[in-house]
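Hi,

Here is the model I promised to pass on. Have a look at it first, and then read my notes below.

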Amino acid sequence: MKTIALLTVLAIGAFLLYGTPEFPAWGDPQAPAALHVSPYYIEHTIEDTAVPNVVTSVLADYRGYDTMFETSVIFAAGLACLMLLRRYQPKTQETRLYRHVPTGITLRIAQGGKIPEASDEFERIDSQWVPYDLIVKLTARLIVPFAQLFALYVIAHGHHSPGGGFQGGVIYGAALILYAVSFDLRSTFRRLSERTAILLSAAGVLIYASTGFLCMLMGGNFLDYGYLAPLLGGDPVMARSHGIFIVEIGVGMAVMAVMVSLYYNLASAGRHDEGL
Amino acid sequence: MEDLAANFLTKYNYWAFIALVMIGFYAMIVKRNLVKKIVGMNILQTAVILFYVSIGAKRDADLPIIAHGHGSASHAVHAADYINPLPHVLMLTAIVVSVATLGVAIALAIKIYRQYGTLEEDEIGERIRNA
Amino acid sequence: MIWPVDLIIMLLVIICGLGALAVRDLLGAAILFGAYSFMMCLLWAIMGAVDVAFTEASVGAGVSTVLFVAAVFRTSRRTKD
């Protein structure tokens, strides 16, 4: 088995090496890939869309159709993970454990017992619960809001600097995952529940697609934001810039929610109890 | 020999790409552990992304963010001054899709572990035969 | 002369990739894979693909390492190869 695999891999490597002399040299300005479509994008992005970052304008405007289905792929992957792993438990369980936070006393409540009301004083825990590390908890509490703010900045400033919906969404999701790692899944569910995460990921794709259909309603092609000018105000060039921003918000929402829901399902193996 | 050295100096990024493709593909075939296979799959993916990005690179060129002053929309922009942005766009979405597929792959691995209690391919096969 | 940095990082990428596959502990493999992703991100930043490097830094070195650690935590660290 190993020799066959080695031979296959070596054959693939040999074929790729055989093709290497045909490739352009590294950094060659006359490489064929740089001569056909991309000069148009570079030279016309300012006058077409008023977006200096060419990557953003190509991503969300010139090739917006492509990006819409990339977002749908991410949404579908989130749903697939949910369907593979999620296990629903019956509501009634024999015993529940609650911890009184100020004193650290653990209450064991048998079936039919009175459950404490949801408040800051009591938190529900599992049998393998371990105390959180104070330093990790405090550091995470300091970092999370700034990480979220930075994510929003990355989404909003993607027109002028590296960034955009994908990066900002992933950073926002990573901030929530950091919260979930340093605290536990139950406290994260209070901030962003599973249902909200799935709804947000669907809403992100919906924002993207409905922007496209709105352009069709206004008389243009699918995702031709220039026709949104009467709605957004300003000339068609600025309308394309604003249209890119709307679409980036949709992408950011979808990516953030999918990252968080992937983490929810993987970290608790679908039971949604304790997490890492 | 001199030819080969010149070839290496101008195209070493393709050599790295070829090495990574071979590593990733070999791991996907030979490794028995499912998580190791997923790591191999990701190395293969990033190798392909490296290939695309290195096609787009340009010597002595600027980042693909157009330098422009306020109110000077008419000044000329030369495509040769900026790195080719098209591979970046395609690969940016590919990276985010790769993390989504990674999530699905790990979900499948966890499901298999729940069913058979192991991540090793040969042990899973044994358990299927004995069941 | 920028290219030696480029070559050194390429070498580090390949070493990290081989290490992630060779180490006999899945948690170590997950962490080495994070290092691999981060080296790859540096390589792309050198090539001028800042957006791709940004995405890889947040996705590859951030979220996917967490997902790998979650998988190892929910399954086992043991591996035979």
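What follows is a walk through the chains, their interfaces, the core and the salt bridges.

Some housekeeping: this is a predicted model, where local features need pLDDT of at least 70, side-chain atom pairs count only at pLDDT 80 or more, and totals for chains, interfaces and linings use all residues. Residues are numbered from 1 along each chain as its sequence is written, chains are lettered from A and ligands numbered from 1 in the order in which they are written, and side-chain values use heavy atoms, with hydrogens and water left out.

**Chain B**

Chain B has four helices and zero strands, in the order α-α-α-α from the N terminus. Helices here are DSSP runs (H or I, at least four residues) and strands are too (E, at least two), numbered from the N terminus. Of its 131 residues, 55% count as buried, where buried means under 20% relative accessible area, exposed over 50%, and partly exposed in between (1.4 Å probe, protein chains only). Taking contacts in chain B with a separation of 6 or more, 50% come from residues 24 or more positions apart; contact means heavy atoms within 4.5 Å.

**The interfaces**

Between chain B and chain A, about 5,000 Å² is buried, and carbon and sulfur atoms give 79% of that. Buried area is the accessible area (1.4 Å probe) that two parts lose on being put together, summed over both. On the chain B side, B:Ile65, B:Leu86 and B:Arg114 lose the most area to chain A, together 10% of what that side buries. The contact takes 50 residues from chain B and 58 residues from chain A. The elements giving two or more residues to the chain B side are helix H1 (2-30), H2 and H3, and H3(B) gives the most, with 18 residues. By class, that side has 35 nonpolar, 10 polar and five charged residues. For the classes, Ala, Val, Leu, Ile, Met, Phe, Trp, Tyr, Cys and Pro count as nonpolar, Asp, Glu, Lys and Arg as charged, and the others, Gly among them, as polar.

For chain A and chain C, the buried area is about 1,600 Å², with 76% from carbon and sulfur atoms. Here too the salt bridge count is zero, and four residue pairs are in polar contact (both at pLDDT 80 or more). A polar contact is a pair of N or O atoms within 3.5 Å; within protein, one must be able to donate a hydrogen and the other to accept it, and residues adjacent in sequence count only if both atoms are side-chain atoms.

**The core**

The largest nonpolar core has 114 residues, and A:Leu266, B:Leu20, B:Leu50, B:Ile106, C:Trp44 and C:Phe68 touch the most other members. Its largest share, 16 residues, comes from helix H3 (residues 86-116) of chain B. A nonpolar core is a set of buried Ala, Val, Leu, Ile, Met, Phe, Trp, Tyr and Cys residues joined through side-chain atoms within 4.5 Å. Leaving aside neighbours within four places in sequence, B:Ile106 is in contact with A:Leu266, B:Ile38, C:Leu67, C:Phe68 and C:Ala71.

**Salt bridges**

Over all chains there are nine salt bridges, each a side-chain nitrogen of Lys or Arg within 4 Å of a carboxyl oxygen of Asp or Glu.

- A:Asp61 and A:Arg240 pair at 2.7 Å, N to O. They sit 179 residues apart, in helix H3 (residues 54-62) and helix H10 (residues 236-267) of chain A. A:Asp61 is buried at 9%, and A:Arg240 is buried at 17%.
- B:Glu123 and C:Lys80 meet at 3.3 Å, N to O. This pair crosses between chains, from helix H4 of chain B to the segment after H3 of chain C. B:Glu123 is buried at 15%, whereas C:Lys80 is partly exposed at 41%.

B:Glu123 and C:Lys80 also belong to a salt-bridge network with B:Arg32, B:Asp122, B:Arg127 and C:Arg78.

**One more residue**

C:Thr75 lies in the segment after helix H3 (50-74) of chain C and is buried at 12%. Its side chain reaches the backbone oxygen of C:Ala71 at 2.7 Å.

Cheers
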